Amino acid sequence: MRSYYDRGALVPDEVAIQLILDRLAQPDAARGALLDGFPRTLEQARALDAALAEQGKALDRVLFINVSTDELLKRLSGRWVCRRCQAPYHAVLSPPKVPGRCDLCGGELYQRPDDTPETVRKRIDVYFSQTAPLIEYYRRQGKLVEVNGEQPVEQVRHDALAALAAGRK
Ligand SMILES: [Zn+2]
């Protein structure tokens with residue numbers, strides 16, 4: 001896995017799906033699990049549905065935390081991380097006391113290659129061309145629950161939990 005990430009390459013779909021199935025088969029996932037960051041394309045979503053169906057399983061709900069593109073740009077392009085302790089900061093939302101220095105350990109802050117403005121814009125483009133179609137895909141299946149992501153964190157958490165709990169069997 002690590003080597004795929006380090007090369008900036010994506011894990012092949014079939015590898016990712018097999019990893020998910022293996023993980024879901026472990027005892028602590030018997031009562032349910034939450035997938036984060038997968039699937040990201042229609043192809044992956046269809047392959048995941050098919051793989052789960054073979055095991056008599058299916059996704060119950062798909063959580064869509066809706067945030068505008070402007071807000072996404074603001075949040076993602078301001079992220080800084082401590083080189084030493086990995087503590088996260090944000091240029092606007094949670095700036096360090098001393099610019100460029102970690103509050104916790106004094107380490108140097110840097111931007112991951114993923115978080116530079118150019119990469120963020122590219123990631124947002126990829127999201128709209130490849131991932132956004134999943135919203136319609138899961139809505140048609142009646143599985144999509146939408147939460148307003150432009151609220152305080154606690155409210156997003158509350159709404160997400162309420163949306164996931166609603167109508168639970
Ligand atoms: Zn630090």
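This short talk goes through a predicted model, from its confidence values to a zinc site, a set of paired strands and a nonpolar core.

Residues are numbered from 1 along each chain as its sequence is written. Since this is a predicted model, local features need pLDDT of at least 70, side-chain atom pairs count only at pLDDT 80 or more, and totals for chains, interfaces and linings use all residues, while side-chain values use heavy atoms, with hydrogens and water left out.

Let me begin with confidence, for which pLDDT is the predictor's own value for each residue, from 0 to 100. The chain has a mean pLDDT of 90, and 92% of its residues reach 70 or more.

Now to the metal. Which protein atoms are the donors of the zinc ion? They are the SG atoms of Cys-82, Cys-85, Cys-102 and Cys-105, lying 2.3 to 2.4 Å from the ion, where donors are N, O and S atoms within 2.8 Å of the metal (3.2 Å for Na, K and Ca), and where sites may look incomplete because water is not among the atoms. The donor residues follow the spacing C-x2-C-x16-C-x2-C. With angles of 97 to 116° among the 4 donor atoms, the site is tetrahedral, a label given to four donors if all angles lie between 85 and 135 degrees.

Is Cys-82 buried or exposed? Cys-82 counts as buried because its relative accessibility is 0%, whereas Cys-85, at 33%, counts as partly exposed; buried means under 20% relative accessible area, exposed over 50%, and partly exposed in between (1.4 Å probe, protein chains only).

Cys-82 also leads us to the strands, which pair if DSSP finds at least two bridges between them. Strand S2 (residues 79–82) runs antiparallel to strand S3 (residues 88–90), with 3 bridges, and Arg-79 stands opposite His-90 in S3. The hairpin of S2 and S3 has 5 residues between the strands, and there Gln-86 takes a positive phi near 70°. S2 is also joined by 2 bridges to strand S4 (residues 109–110), again antiparallel, and in S4 the partner of Cys-82 is Leu-109.

Finally, the largest nonpolar core has 20 residues, and Ile-17, Phe-38 and Leu-48 are among those that touch the most other members; such a core is a set of buried Ala, Val, Leu, Ile, Met, Phe, Trp, Tyr and Cys residues joined through side-chain atoms within 4.5 Å. Its largest share, 5 residues, comes from H2.

Methods: Helices (H or I, at least four residues) and strands (E, at least two) are DSSP runs, numbered from the N terminus. Four donors count as tetrahedral if all angles lie between 85 and 135 degrees; four count as square planar and six as octahedral if opposite donors are over 155 degrees apart and all others between 65 and 115; anything else is irregular.
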